[in-house]
Amino acid sequence: MTGFAQQTRWGATLLAPDRTHFRLWAPDASQVMLEAEQHAPQAMNAQGDGWHEVVAPLGAGTQYRFRVSADLAVPDPASRLQAGDVHDASVVVDPCAYAWRHADWRGRPWHEVVLYELHAGAMGGFAGVQAALPRLHDLGVTAIELMPINDHPGSRNWGYDGVLPYAPDTTLGTPDELKSLIDAAHGMGLMVFLDVVYNHFGPDGAYLHAYAKSFFDEGIHTPWGAAIDFKKPPVRDFFEDNALFWLNEYRFDGLRFDAVHAIAEADWLDVLAARIRREIPDRHVHLVLENERNGARHLKPSGDFDAQWNDDGHNILHPLLTGEREGYYEDFAESGAEKLATVLSEGFLFQGQVSGHLGAPRGEPSAHLPPTAFVLFLQNHDQVGNRAFGERLPALTDHATLEAAAALLLLSPQIPMLFMGEEWGATAPFLFFTDHNAELAPLVTAGRRKEFAKFAVFQDPATRERIPDPNAEATFHASIPDPAEATRPPHDGILALHRRLLAIRHARIVPHLPGARALGAQAIGEKAVLARWRLGDGSTLAIATNLGADPVPCDAAGAPLFESRAGALAEGRLPARCTVALMARPGQDGAA
């Protein structure tokens with residue numbers, strides 16, 4: 001039997017079949033008792049600096065809690081499994097019980113990544129995702145990315161309300177089912193990434209506030225309350241061990257770190273990444289940031305993170321496709337082609353200049369970074385689900401324009417990401433859904449509707465009342481895409497296009513991405529851009545994209561890799577709603 005276990009400084013560690021070490025940081029508790037089913041309570045030993053621990057004659061499957069005061073017994077904050085929901089008992093787990101079939105998997109290099117973001121619950125849990133792996137493999141995806149799976153309150157949630165970051169939520173499946181999913185993916189040559197949330201805990205079940213108040217810094221406030229205090233060593237231990245836990249014990253191939261701009265101690269990110277690189281030197285492990293700060297310093301080659309989600313790229317492309325300008329799009333809607341050219345050649349749009357929307361400078365210079373330092377996307381859970389009605393792009397723009405944008409996305413040297421169902425133009429929305437208790441549910445519903453009051457279309461309270469209730473079960477079910485759509489027109493054609501584009505990417509572009517650099521990009525029309533990159537073998541990739549309604553002059557050179565329309569550049573003009581990709585061998589394009 002081949003199993004993997006990550007040593008953690010918090011929580012329950014199985015030492016032998018009938019012996020477990022329990023450890024908790026509870027600086028506000030004078031005494032902590034271990035309470036386990038069918039066993040007498042046992043006092044834990046105070047070790048100093050707020051730590052309490054004990055070794056008890058308990059084995060895998062034992063349900064337990066920590067009593068931190070006379071009237072409060074809590075689940076383990078580092079619980080590997082819950083007996084029920086976030087308020088219930090934790091369960092001792094034997095992490096080595098699962099026999100891995102592909103224990104020697106070492107991953108794939110970053111430049112081969114084509115990401116597919118998904119919500120496991122909306123695909124039938126871990127078992128449902130595993131069943132979908134063959135079609136994702138056939139699509140040309142090389143990595144699936146799971147939205148957060150840590151234990152959250154209720155049976156439905158995006159995952160960002162999690163409070164037990166070591167415990168896979170039981171509504172999605174068992175720990176062994178999650179391992180089976182990852183194992184099966186590795187057997188097909190697919191990587192698996194996980195979205196982790198280290199900037200906050202959810203509003204229900206975060207018991208750390210009761211016995212470890214110094215886990216948080218009351219002097220720094222975030223949208224979720226007091227900031228997590230990463231100056232404290234036990235706090236850093238908790239999250240560093242968690243990252244290594246997912247990568248080692250579950251064999252995830254990469255992590256996406258949610259909204260790290262909400263972590264006050266930005267230097268800790270580099271400490272975390274350096275530790276991961278140091279402790280896992282023999283596998284391809286990929287680390288990706290979501291960071292409103294556009295912190296180029298964290299990214300390779302100067303940092304240890306592989307890439308950042310390129311929200312700037314999305315925020316430029318979305319107004320070009322839809323004409324929307326409100327909210328944060330106000331920073332991106334004007335001169336969209338020029339801004340898209342900047343993103344394609346330099347990565348970030350905001351590299352230190354003032355954001356009108358934020359009223360403050362944002363970003364760091366990024367032109368020196370390789371194109372693979374940026375994850376580009378047209379849709380993701382946020383950009384779809386944070387719309388009031390969760391509309392996907394096919395409901396917001398025309399078919400031909402969206403196909404042209406898809407070609408840019410999937411053939412660009414930046415790392416592409418699809419959102420579940422995007423590959424066939426799914427018609428199901430992706431809505432914001434939760435399953436909160438009777439006290440929180442109405443507050444979340446009211447808050448959700450209030451968020452949109454500043455938008456012109458939602459000025460009328462009656463219109464806001466039409467926004468789906470996040471806590472209604474129907475809201476979750478409406479968000480489940482139907483793969484059967486992909487067999488019917490026009491969805492079958494959209495799927496065929498995505499397969500074709502990814503086949504071109506893997507055959508003609510991916511092998512030459514190491515060493516690639518941008519040669520520049522320029523606007524060639526109001527909604528049209530021509531971008532060029534020197535690939536690692538010396539050849540030049542050119543992509544001309546016109547998202548507008550009129551043809552534009554275009555003098556791109558090279559042999560066609562892809563054309564939205566056959567002979568698109570025959571007359572030296574790029575047709576409306578069209579993308580062309582061309583490849584020139586070294587010395588044939590005249591570029592420096």
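This report describes helix packing, nonpolar cores and some backbone features of one predicted model.

Residues are numbered from 1 along each chain as its sequence is written, and side-chain values use heavy atoms, with hydrogens and water left out. Because the model is predicted, local features need pLDDT of at least 70 and side-chain atom pairs count only at pLDDT 80 or more, while totals for chains, interfaces and linings use all residues.

**Helix pairs**

Two packed helices are described by the angle between their axes and the distance between the axes. Helices (H or I, at least four residues) and strands (E, at least two) are DSSP runs, numbered from the N terminus. Axes are lines fitted to C-alpha atoms, for helices over the stretch in contact, and angles run from 0 to 180 degrees between N-to-C directions.

| Helix pair | Axes come within | Crossing angle |
|---|---|---|
| helix 1 (residues 125-139) and helix 2 (residues 175-187) | 9 Å | roughly 10 degrees |
| helix 9 (residues 399-411) and helix 13 (residues 491-509) | 9 Å | roughly 25 degrees |

Helix 1 and helix 2 are therefore roughly parallel to each other, a term that covers angles under 35 degrees. Their crossing is left-handed, meaning that the near helix is turned anticlockwise from the far one by less than a right angle. In this contact (heavy atoms within 4.5 Å), Phe 126, Val 129, Gln 130 and Leu 133 of helix 1 meet residues of helix 2 including Leu 178, Leu 181, Ala 184 and Ala 185. By class, the contact of helix 1 with helix 2 has 7 nonpolar, 2 polar and 1 charged residues; Ala, Val, Leu, Ile, Met, Phe, Trp, Tyr, Cys and Pro count as nonpolar, Asp, Glu, Lys and Arg as charged, and the others, Gly among them, as polar.

Helix 9 is likewise roughly parallel to helix 13, but passes helix 13 in a right-handed crossing, where the turn is clockwise. The residues that meet include Ala 406, Leu 410 and Leu 411 in helix 9 and Leu 497, Leu 501 and Ile 504 in helix 13. Ile 504 counts as buried at 13% relative accessibility, where buried means under 20% relative accessible area and exposed over 50%, with partly exposed in between (1.4 Å probe, protein chains only). Leaving aside neighbours within four places in sequence, Ile 504 is in contact with Leu 411, Ile 509, Leu 561 and Phe 562.

**Buried regions**

Helix 7 (residues 336-346) has 8 of its 11 residues buried, so it is largely enclosed by the rest of the structure. These buried residues pack against helix 6 (311-322), helix 9, strand 24 (517-525) and strand 25 (528-534).

A nonpolar core is a set of buried Ala, Val, Leu, Ile, Met, Phe, Trp, Tyr and Cys residues joined through side-chain atoms within 4.5 Å. In the largest one, of 153 residues, Phe 22, Ile 144, Phe 215 and Phe 252 touch the most other members. Apart from it lies another core, of 14 residues, among them Leu 115, Ala 143, Phe 193 and Ile 415.

**Backbone features in loops**

The peptide bond from Lys 300 to Pro 301 is cis, with omega near 15 degrees, and Pro 301 is in the loop between strand 18 (286-289) and strand 19 (307-309). The bond from Pro 489 to Pro 490 is also cis, with omega near -5 degrees, and Pro 490 is found in the loop between helix 12 (473-478) and helix 13.

Gln 38 has a positive phi, near 60 degrees, and counts as exposed at 81% relative accessibility. Arg 251 has a positive phi near 65 degrees, and at 10% relative accessibility Arg 251 counts as buried.

Technical notes:
Angles under 35 degrees count as roughly parallel, over 145 as roughly antiparallel, 65 to 115 as roughly perpendicular and the rest as oblique.
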